[in-house]
Amino acid sequence: MATITFLLLLGFIVILTTSLHAQIPVHFVPISWVQNAILKGAVCLDGTPAAYYYEQGQGDGANNWLVFLQGGGWCVNQTDCFNRATYGGSIGSTKNIRLSIEFEGALSNNQTNNPDFYNWNRVYVPYCDGSSFTGDVEAPDSVTNVTYRGARIFRATMDDLLSRGMNGAQNALLTGVSAGGLASMIHCDRFRGLLPWFARVKCLPIAGYFVHEYGSAGMLPPQCTSIMTPSLCLFPQYLLQYVTTPVFIAMSSFDQVQIKWNLFKEDEVCLVSQNCTHDRKQAIQELRSDVLAALPKAPPLSRGIWMTSCIAHEMPYYSTLTIIGNKTFADVFIDWYFGFNYLQVIDTQTEPRNCSEYGIVPKPL
Ligand SMILES: *[C@@H]1O[C@H](CO)[C@@H](O)[C@H](O)[C@H]1NC(C)=O
Ligand SMILES: *[C@@H]1O[C@H](CO)[C@@H](O)[C@H](O)[C@H]1NC(C)=O
Ligand SMILES: *[C@@H]1O[C@H](CO)[C@@H](O)[C@H](O)[C@H]1NC(C)=O
């Protein structure tokens, strides 16, 4: 009798545990350390080795690759980069990096939540170099001992992925948000060059099309740096003229970071609380016009566009906002990626709007 009660109890616990797990399907992907990172100089600002998170593709996605570059602003001078290396946590170091992370959105392995990429090889590349993966300086800073090696992190990470099968990719996408979005533009042709000629390779910078920017010039296309001041080649509107790989720009014309940098901090604050004065509203509208005017004029197949009027910075891939017809960002993007439909979509609503109900939430800056 006691045994039966025990078994019943055990069975009940098993059912309870299973159903609890079923309610919270959390999916963690373990860290991969870049092979020979120190030897290759693929190190963060503080000299710690680079890492990434990788999940293998399955079925008809086994030869498809989605590489996501994390964002996190930039460090802009010696002091700023030293602070990021020393006190910045994971954006300057892998010292305390998480040993596994949850893959969500376009990185999720759940077909229901991520119909476009769930069975692709999916890679999340953490950002710890402070320069959108562009630094390529041999010697550490003589004063601060900070290392500027973002480009080597990019290259060494790609080496690892190529040896994991990316050298046989049929479809590939380099994407990222914010500083990672800018990086996905800067490295777009380099990424294309690493992959087979027959592969479909495109890039998707999200919230990275800033009309003013900083950074290091070493990794920029020489066709651009030979003609203009290198720092200008970090402005996407100049840089993109020299990128030959197809690029899809996804952004808000009222991007909070863009407004904060190109106008004033107060403008970003009043934008989010939607209480700007007439003058500041006008300044924000002028910046919006500049952003729209700076968009590439190239054919839609080589330059796709999804430009919202949301008060936001980041933009989830599966946000439910529709700008034309009943098409979301994911719908328009995937049509463009596979060449079914060549669209450049720009929201004609000229007033900044809160898109929280569509999953595009203003970011606290
Ligand atoms: C996939 O996501 C759906 C919707 O969120 C959920 O109901 C389902 O349990 C998930 N499947 C797995 C295997 O986690
Ligand atoms: C400088 O950083 C390197 C790692 O990049 C470390 O090995 C070395 O001890 C550091 N030197 C000083 C003086 O902090
Ligand atoms: C470095 O940049 C930070 C952040 O923008 C700024 O606060 C600081 O004044 C700058 N320092 C120097 C020496 O330029």
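This is a predicted model: local features need pLDDT of at least 70, side-chain atom pairs count only at pLDDT 80 or more; totals for chains, interfaces and linings use all residues.

Before anything else, a note on burial: I call a residue buried under 20% relative accessible area, exposed over 50%, and partly exposed in between, using a 1.4 Å probe and protein chains only.

Residues are numbered from 1 along each chain as its sequence is written, chains are lettered from A and ligands numbered from 1 in the order in which they are written, and side-chain values use heavy atoms, with hydrogens and water left out.

**Entry: the sheet**

I took helices (H or I, at least four residues) and strands (E, at least two) as DSSP runs numbered from the N terminus, and counted two strands as paired if DSSP finds at least two bridges between them. I found an open sheet of 10 strands with mixed pairing, in the order β4-β1-β2-β5-β3-β6-β7-β8-β9-β10. β4 (100-102) and β10 (344-346) are at the edges with a single partner strand each, so one side of each has no neighbour in the sheet. From one strand to the next, the twist averages 20°; axes here are lines fitted to C-alpha atoms, for helices over the stretch in contact, with angles from 0 to 180 degrees between N-to-C directions.

Next I looked at one pair. Strands β8 (residues 247-252) and β9 (residues 303-308) run parallel and are joined by six bridges. I noted isoleucine 305 in β9 as the bridge partner of isoleucine 249.

Then the helix: α12 (residues 329-337) lies across β6 (171-177), β7 (200-206), β8, β9 and β10, at about 150° to β7. Contact means heavy atoms within 4.5 Å.

**Entry: the disulfides**

How many disulfides does a search of the whole structure find? I got five, taking a disulfide as a pair of cysteine sulfur atoms within 2.5 Å.

Cysteine 75 is joined to cysteine 81, S to S 2.1 Å. The S-S torsion of this pair is about 95°, so the disulfide is right-handed. Cysteine 75 is buried at 10%, and cysteine 81 is buried at 4%.

Cysteine 270 and cysteine 276 have their sulfur atoms 1.9 Å apart, and their link is right-handed, with 95° about the S-S bond. Cysteine 270 is buried, with a relative accessible area of 10%; cysteine 276 is buried too, at 13%.

The sulfur atoms of cysteine 310 and cysteine 355 are 2.1 Å apart, and this link is left-handed, with -90° about the S-S bond. The pair connects distant parts of the chain, 45 residues apart: cysteine 310 is in the loop between β9 and α12, and cysteine 355 in the segment after β10. Both cysteine 310 and cysteine 355 are buried.
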